Amino acid sequence: MIFFINANIQKNKSGIEHAELKRAALFRDHREPFKILLQEWSPLLHENIADAGLDDHDIINMFDYFQGTETVSEQIIHAEDIDFGVPIDSYEEDSEHNRTLAFRTIKSSDGQIRQQLVARVNFFKESVEKRVASTEMFDGFGNLYAVNFYDFRGFVSLIQWYTQDNKIGTESWQTPAGRVVLESFNKKNAVGKYEKSGWRLIEKNGTVYNFQTIEELTKYFLDLVNETYFDKQKPNIFILDRSHLADWALQNLKKPAYTVIHLHNSQAGDPNDEQHSVLNNHYEYVLWNANRYDAIISATHKQSRDVAARFKPACKLFTIPVGVIPSEQFDQAHILMKDRQSHKVVALARIAPEKRLNELVKAVGIARKEVPDISLDLYGYRDGTDNFKAYRDIQTAVHDFGLEKVVNVHDYTTEVAKVEKQAQIFAVTSIMEGFNLSMMEGLSQGDVGLTYDVNYGPNELVVDDENGYIVPYGDYRMLAQKMIYLFSHPDQLQQKSDRAYELSRRYSEQNVWTAWQALLDDAQSSWSTKMMCYADPILAGLAENGEAL
């Protein structure tokens with residue numbers, strides 16, 4: 001079995017999630033079995049995976065696994081369906097906060113009657129049927145003592161128990177029947193910081209396991225998964241898509257497996273000095289220990305070469321694009337530039353500091369002096385870093401260049417192809433990229449690419465002066481000049497659009513699958529050697545009665 005290791009599947013997905021979904025579709029088409037392993041608990045997980053085109057059987061979530069909730073029949077729970085342990089005499093709607101307040105009537109010793117708040121019942125956002133998301137529980141003195149979190153499928157999944165000083169003391173995950181299977185504990189450390197202090201797993205047979213960290217719990221989970229699918233004739237393959245989740249665990253599995261580091265971003269803190277700069281902190285530990293893995297995947301040839309040159313790893317290096325263009329897309333008619341929205345520039349990216357989208361706005365502002373009807377559409381969810389600084393920088397640039405009617409900032413969109421088919425230029429101004437799926441998709445739709453010369457992806461996706469232009473990093477004035485040139489020379493714009501369609505065949509299903517097949521073949525060919533070095537642990541005779549454990 002092949003496993004992709006990630007944290008979660010959100011509604012608004014990052015490039016890593018999109019890469020995994022494209023990989024999943026490719027594997028499914030080639031009948032190669034896979035599972036996506038997820039570490040984080042999420043009440044909306046199964047709603048989100050269905051929205052992403054996945055099936056419950058495509059994923060194994062660590063919390064689902066221990067709770068026995070990998071597949072559960074969905075039911076809708078309303079406030080009136082909940083047993084609070086005491087009779088509820090009235091409900092009060094609080095539409096402003098998307099919740100209902102549950103009260104019971106109390107008669108005091110002096111005969112006074114008052115309404116006591118029992119619970120605040122919160123609903124899932126955008127849930128027209130008022131599906132319960134959580135209940136905040138209050139004692140007779142009005143103190144919050146617990147919050148029950150519901151899985152979207154209609155059962156209490158997590159309970160947070162509060163201390164007297166209003167902090168989360170214990171968190172308990174349970175089965176739909178209410179049996180607690182996993183707990184985490186929070187307390188002050190030696191310097192007074194309140195933090196998670198440990199985990200306790202309670203198996204169905206009553207066996208209790210204690211773990212100091214979630215990393216230890218994750219390793220136990222991965223060992224169980226590896227054991228379940230273990231085959232002496234064919235290896236399990238673990239692909240680490242987010243290294244911090246299981247970098248230590250994969251190095252210490254009880255049974256052998258074929259383990260893979262997937263670099264989704266630059267390995268260097270300064271991507272323009274990949275041989276000498278400090279390492280990207282997300283990859284530092286895993287690259288220090290790269291020789292304890294079997295393979296490293298990079299999305300571009302340049303990154304594979306740079307990794308080989310700097311680290312000289314003993315493990316195998318594979319270049320496998322994270323993007324795949326469906327075969328049927330190559331059969332679609334090309335959309336001519338004259339049939340698109342004239343002088344339209346687009347960018348699809350998180351509105352985040354490292355994307356430098358304010359510089360793209362400045363480039364458009366400069367180009368507008370020569371191309372009065374130029375317009376820019378930005379699509380992506382807003383990063384809240386430094387009080388949404390990236391979005392504020394865009395607003396400042398829009399104001400400085402008077403582009404209020406020229407630049408439009410949109411939310412995250414799932415209609416990527418529709419947006420790109422209407423545009424003429426797709427632009428990237430990032431500090432660094434691991435690949436850039438959106439640019440690959442834009443070029444495959446005939447957009448002409450404009451990008452800073454940054455590692456990795458954009459300067460390989462764009463072939464300078466063929467399907468677009470690569471300009472020096474940070475030179476938004478040169479970016480503006482390329483926009484002016486392309487929009488002033490419609491013949492060149494069309495030629496580069498035609499070439500964008502042609503060069504996109506580099507990322508066809510067949511080409512990407514061939515790259516994957518090389519890794520799968522290596523895993524299989526090396527497996528017999530691994531098994532020769534492995535012996536099952538002794539279990540016979542270890543029980544108190546002399547029998548096998």
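Let's start with Ser184, which stands opposite Trp199 in strand S12. Here, strands are DSSP runs of E with at least two residues and helices are runs of H or I with at least four, numbered from the N terminus. Strand S11 (residues 180-188) and strand S12 (residues 194-202) run antiparallel, joined by 7 bridges; two strands pair if DSSP finds at least two bridges between them.

A quick word on the model. It is a predicted one, where local features need pLDDT of at least 70 and side-chain atom pairs count only at pLDDT 80 or more, while totals for chains, interfaces and linings use all residues. Residues are numbered from 1 along each chain as its sequence is written, and side-chain values use heavy atoms, leaving out hydrogens and water.

Now, the sheet. It is open, made of 10 strands in the order S4-S5-S6-S7-S8-S9-S10-S11-S12-S13, with antiparallel pairing. At the edges sit S4 (90-94) and S13 (208-211), each pairing on one side only. On average, neighbouring strands are turned by 20 degrees against each other, direction ignored. Helix H4 (residues 214-228) lies across S11, S12 and S13, at about 135 degrees to S13. Such angles run from 0 to 180 degrees between N-to-C directions, with axes fitted to C-alpha atoms, for helices over the stretch in contact, and contact means heavy atoms within 4.5 Å.

Let's move on to helix H9 (residues 385-401). How far apart are its end C-alpha atoms? They are 24 Å apart, which agrees with the 24 Å that 17 residues should span at 1.5 Å a residue; the expected span is 1.5 Å times one less than the number of residues. H9 bends by about 35 degrees at Arg392, the bend being the angle between axes fitted to the seven residues ending there and the seven starting there.

Which residues of H9 are buried? They are Ala390, Tyr391, Ile394, Ala397 and Val398. Buried means under 20% relative accessible area, exposed over 50%, and partly exposed in between, using a 1.4 Å probe and protein chains only. These buried residues pack against helix H8 (357-367), strand S19 (375-379) and strand S20 (407-410). After H9 comes Gly402, with a positive phi near 65 degrees.

Finally, two loop residues. Lys130, in the loop between S6 (113-123) and S7 (132-138), has a positive phi of about 55 degrees although it is not a glycine. Most residues other than glycine have a negative phi. Lys130 is partly exposed, at 36% relative accessible area.
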